[in-house]
Amino acid sequence: MTERPSSQFLNAINMKFPNLRKSEDESPLALLIFDEICKSDKNAFLDMYNRYITGITDENAEVSAIKETTSKGITYDYVFITELYIEVNGKHTTLYYYLTRKSTRNMKKWK
């Protein structure tokens with residue numbers, strides 16, 4: 001596979017909904033995260049595609065670029081929740097959630 005999963009995804013969306021209006025350009029960080037998710041989860045591509053197309057009710061809708069947001073560390077183990085999402089006519093539609101963990105084992109203790 002020579003083409004990145006994110007570019008294949010965007011091409012598939014453009015073929016399915018040729019009249020969608022994009023409100024902004026795609027963020028390189030969100031597309032990189034998309035590619036990394038697809039590497040680690042074989043079903044992620046189809047899951048995100050299905051959530052994307054079911055979130056669109058109007059073929060002439062205005063859709064934002066794929067966005068990402070990451071929470072702050074929510075436990076003492078620094079677990080972060082990252083969400084990929086889009087906004088369809090201003091309505092938030094989640095594409096994918098995933099967790100990352102930063103180990104605190106080697107961190108120096110504050111006294």
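Guide: pLDDT is the predictor's confidence in each residue, from 0 to 100. This is a predicted model, in which local features need pLDDT of at least 70, side-chain atom pairs count only at pLDDT 80 or more, and totals for chains, interfaces and linings use all residues. Residues are numbered from 1 along each chain as its sequence is written, and side-chain values use heavy atoms, with hydrogens and water left out.

Visitor: What pLDDT does the protein chain average?

Guide: The average is 84, and 85% of the residues score at least 70. Over residues 106-111 pLDDT stays under 50, and the model has one contact (heavy atoms within 4.5 Å) beyond four places in sequence for them. Where pLDDT is low, the predicted coordinates should not be read in detail.

Visitor: Why is helix 2 called oblique to helix 3?

Guide: Helices are DSSP runs of H or I, at least four residues, and strands are runs of E, at least two, numbered from the N terminus. Helix 2 (residues 28-40) and helix 3 (residues 44-55) pack at about 130°, their axes 8 Å apart. Axes are lines fitted to C-alpha atoms, for helices over the stretch in contact, and angles run from 0 to 180 degrees between N-to-C directions. Under 35 degrees counts as roughly parallel, over 145 as roughly antiparallel, 65 to 115 as roughly perpendicular and the rest as oblique. Therefore helix 2 is oblique to helix 3.

Visitor: Which residues make the contact?

Guide: Helix 2 supplies Phe34, Ile37 and Cys38, and helix 3 supplies Ala44, Phe45 and Met48.

Visitor: How many helices and strands are there in the protein chain?

Guide: There are three helices and five strands, in the order α-β-α-α-β-β-β-β from the N terminus.
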